[in-house]
Amino acid sequence: MWNNFALRQIGRQLTGLLVLLFFVSVAAFVLVRLLPGDAATAYLNSINAPLTEEAIEEVEKELGLDAPLPVQYGKWMIQVFKGDLGFSYQTGRPVTEELSEDLRYTGALALTALGWVLVLSLILGTFSAGHSGGAVDMMIRIFTFLGSAMPKFWLGFLAVSLFSLRWKLLPVQGAATWKHLILPSLTLACSYIATYTKLLRNSILEVQSSPFVLHARSRGFSKRFVLVRHVIPNAMTPVFTTLGLHLGGILSGSVIVENVFAWPGLGRMCVDAVAARNYPMIQGYILLLSVIFVTANMLCDLACAAFHPRLRAGGRT
Amino acid sequence: MKKEDVILQTENLSVSMRAGKERIPAVKDVTLSLKRKGCTGIIGESGCGKSLTCQAVLGLLEPKKWTVTGKVFLEDEEVPITDDRSMDRFRGKKLAFAAQNPMAAFDPRMTMGAHFLEGHSRREWDAIRKDAGERLARMGICEPESLWNRYSFELSGGQLQRVLIALVLGLHPKVLLADEPTTALDQATEEELLRILEDCQNQEGISILLVSHDLDVISRMADTVYVMYAGQIVECGEKEAVLGNPLHPYTGGLMRSRPGFSKERLKAMNGYPPRLGESTGSGCAFAPRCPFAKEVCKGEQVLREMTPGHFSRCSCFRGQGEEKHG
């Protein structure tokens with residue numbers, strides 16, 4: 001039953017992924033070309049070459065931008081299926097190479113942030129639920145309110161000015177050591193920690209009032225045992241469901257954080273690429289992110305099913 | 001009733017709900033006893049404090065929400081009902097609990113088997129599995145092994161209720177508190193469950209505190225009956241006395257509300273029990289619904305011994321004789 005379900009689920013999601021990727025590729029291709037200004041001008045500007053009509057035409061020819069749009073799209077698609085996303089206009093290196101390099105940094109940042117989210121919201125949420133109505137609960141609730149209300153760039157600057165400049169505990173920016181990872185990942189995680197703390201707190205309180213928790217207590221299990229064995233696992237279900245949706249947000253949210261902390265990841269690369277009208281890089285970035293987003297969602301659904309037998313039964317009650 | 005025959009005894013057990021600084025009484029001075037190997041029934045409409053009494057005896061009421069006072073004794077040992085930590089020595093060991101709705105009493109993430117094995121070390125697993133299998137087979141579940149890896153949402157209410165009883169009996173308790181064990185069941189399954197309860201009373205010597213709003217269930221199982229209304233015991237005594245000759249108009253009303261085979265129209269009682277916190281004044285809580293209410297009923301009513309061993313909290317009703325003329 002379990003294997004069948006998993007296979008069906010994965011099959012369905014993969015088909016969906018292909019359809020989605022087609023639409024994303026068209027949208028990415030068109031939107032990038034709708035940006036004001038064009039690649040040839042931006043390229044000539046970047047190498048400080050004079051902007052003559054001749055030069056622009058020559059660059060367009062060189063980059064293959066003189067062909068009609070459908071032809072350009074077709075050529076790009078054929079490349080994509082060969083696993084080649086083209087060359088970056090700025091550096092001349094293959095886009096796949098650049099992306100995979102940046103992805104490592106963004107991946108490290110996003111995964112660390114995810115770790116913070118899971119660990120801290122679990123601790124804070126459990127604590128908050130355990131002391132619901134008390135002073136601790138109140139403080140945690142104020143924190144979650146502030147955390148979700150503060151914009152990331154402001155929080156980032158605040159963290160840098162306190163931890164790096166005033167107390168000199170952590171580096172200001174860059175990505176040289178693991179210490180460089182702490183502030184950006186916490187900044188990225190902060191609003192999600194707030195959201196999940198609140199979600200988990202309410203979920204725990206709800207599960208705690210269910211009859212099976214009362215019955216487990218009546219069988220002589222201590223409060224702590226029941227909390228760990230019954231309450232928290234059941235309360236995690238909504239966390240897993242929403243996490244799938246938020247993963248995309250964590251990845252794209254890194255654009256701002258990476259710029260604040262000069263983190264050499266996808267987000268910063270993307271901003272640079274947009275400024276330079278570096279079409280292959282932007283398109284590659286969008287494709288990559290959509291693949292990651294859908295895969296993450298799929299993994300979350302599977303994790304959810306593994307966690308909750310009822311969902312495995314496929315809606316049977 | 002001789003003291004040594006009593007296994008479970010509550011003394012002035014009271015429960016009140018905390019609402020800000022206020023305390024809203026929900027269970028008032030309940031003193032009841034359960035005979036060794038006996039069955040004491042608590043009966044009353046929904047919301048009159050039966051389940052709360054049960055949970056108070058188990059010490060399962062959240063102290064943040066409820067204040068519990070009074071004493072509970074189990075075989076001359078005081079049960080520390082307000083000390084959650086010490087209660088872990090009693091719950092699931094000497095006191096077992098069968099919850100109202102078996103569908104909701106199982107963790108939806110765990111198989112039936114996992115519930116039986118929970119909290120036991122790996123070495124004991126085989127023995128527990130064998131013991132549970134035998135118990136379930138005795139309860140009329142044909143293939144106990146097939147239930148082992150099933151989840152609660154895959155089983156029927158009757159199956160779940162039996163698994164639940166088997167689960168708590170596997171703890172070898174002295175007293176089983178059964179809170180409305182038959183409400184979720186159809187007639188045939190109910191009959192079977194009552195037979196199971198009788199078996200565990202006779203064969204395993206377990207005493208049962210049975211809470212129900214179903215007179216038939218109570219009259220079949222119980223030897224002693226307590227009738228509760230608005231958090232108070234309004235009548236109590238031996239089953240034959242209480243159900244044979246009710247001395248409180250509420251008990252009489254309950255009995256007349258029972259569907260029978262006569263052609264007479266079902267006589268439901270008028271009105272509803274007072275809600276939690278709704279003031280009933282100092283007088284009889286049942287007076288507003290009582291067809292025999294008199295001026296005296298506005299004064300405080302105490303539980304008085306009318307005939308030996310038969311108590312009632314009504315000062316004007318004198319049994320069926322008066323009812324016929326009144």
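**Note on the predicted model**

1. Start with N12(B). Its relative accessibility is 44%, so N12(B) counts as partly exposed. The cut-offs matter here: buried means under 20%, exposed means over 50%, and partly exposed lies in between. Phi of N12(B) is near 50°, a positive value in a residue that is not glycine. N12(B) belongs to strand β1 of chain B, which covers residues 6-19.

2. E180(B) also has a positive phi, about 45°, and is not a glycine. Its setting is a loop of chain B, between β7 (175-179) and α7 (187-203). Buried or exposed? E180(B) counts as buried, because its relative accessibility is 5%.

3. Overall form of chain B. The chain has eleven helices and twelve strands. Its C-alpha atoms fill a box of roughly 65 × 50 × 40 Å along the principal axes. The radius of gyration is 21 Å; a compact globule of 326 residues would have one near 20 Å, so chain B agrees with that.

4. Burial and contacts in chain B. Of its 326 residues, 52% count as buried. Take the contacts between residues at least 6 apart in sequence: 65% of them join residues at least 24 apart. The chain exposes about 15500 Å². Carbon and sulfur atoms supply 49% of that area.

5. How many does a search of the whole structure find? F116(B) lies in helix α3 (residues 112-117) of chain B, and W148(B) in the loop between α5 (144-147) and α6 (157-169), so the pair ties together parts 32 residues apart in sequence. Both F116(B) and W148(B) are buried.

6. Y229(B) and Y250(B) make a pair of another class. Their ring centres are 4.5 Å apart and their planes at 55°, so the pair is tilted. This pair links distant parts of the chain, 21 residues apart: Y229(B) is in strand β9 (residues 224-229) of chain B, and Y250(B) is in helix α10 (residues 249-257) of chain B. Both Y229(B) and Y250(B) are buried.

7. Chain A has an aromatic cluster. Which residues form it? They are F29(A), Y73(A) and W76(A). The charged end of R33(A) sits over the ring of F29(A), 3.7 Å from the ring centre.

8. H310(B) is worth a check by eye. H310(B) counts as buried because its relative accessible area is 2%. It is found in strand β12 (residues 310-312) of chain B. Leaving aside residues up to four places away in sequence, H310(B) touches E235(B), C236(B), G237(B), A241(B), V242(B), N245(B), L247(B), R304(B) and E305(B).

9. Confidence in chain A. The average pLDDT is 85, and 97% of the residues score at least 70. Where is it lowest in chain A? That is helix α14 (residues 309-312), at a mean of 72. Helix α9 (residues 211-218) of chain A is highest, at 94.

Conventions. Residues numbered from 1 in each chain as written. Chains lettered and ligands numbered in written order. Predicted model: local features only at pLDDT ≥ 70, side-chain atom pairs only at ≥ 80, totals over all residues. Heavy atoms only, no water. Helix = DSSP H or I, 4+ residues; strand = E, 2+ residues; numbered from the N terminus. Buried < 20%, exposed > 50% of the residue type's maximum accessible area, 1.4 Å probe, protein only. Contact = heavy atoms within 4.5 Å. pLDDT = per-residue confidence, 0-100. Phe/Tyr/Trp six-rings, centres within 6.5 Å; stacked < 30°, edge-to-face > 60°. Lys NZ or Arg CZ within 6 Å of the ring centre and 35° of its normal. Rg over C-alpha atoms; globule rule 2.2 N^0.38 Å. Areas by Shrake-Rupley, 256 points an atom, 1.4 Å probe, with all protein chains shown as cover.
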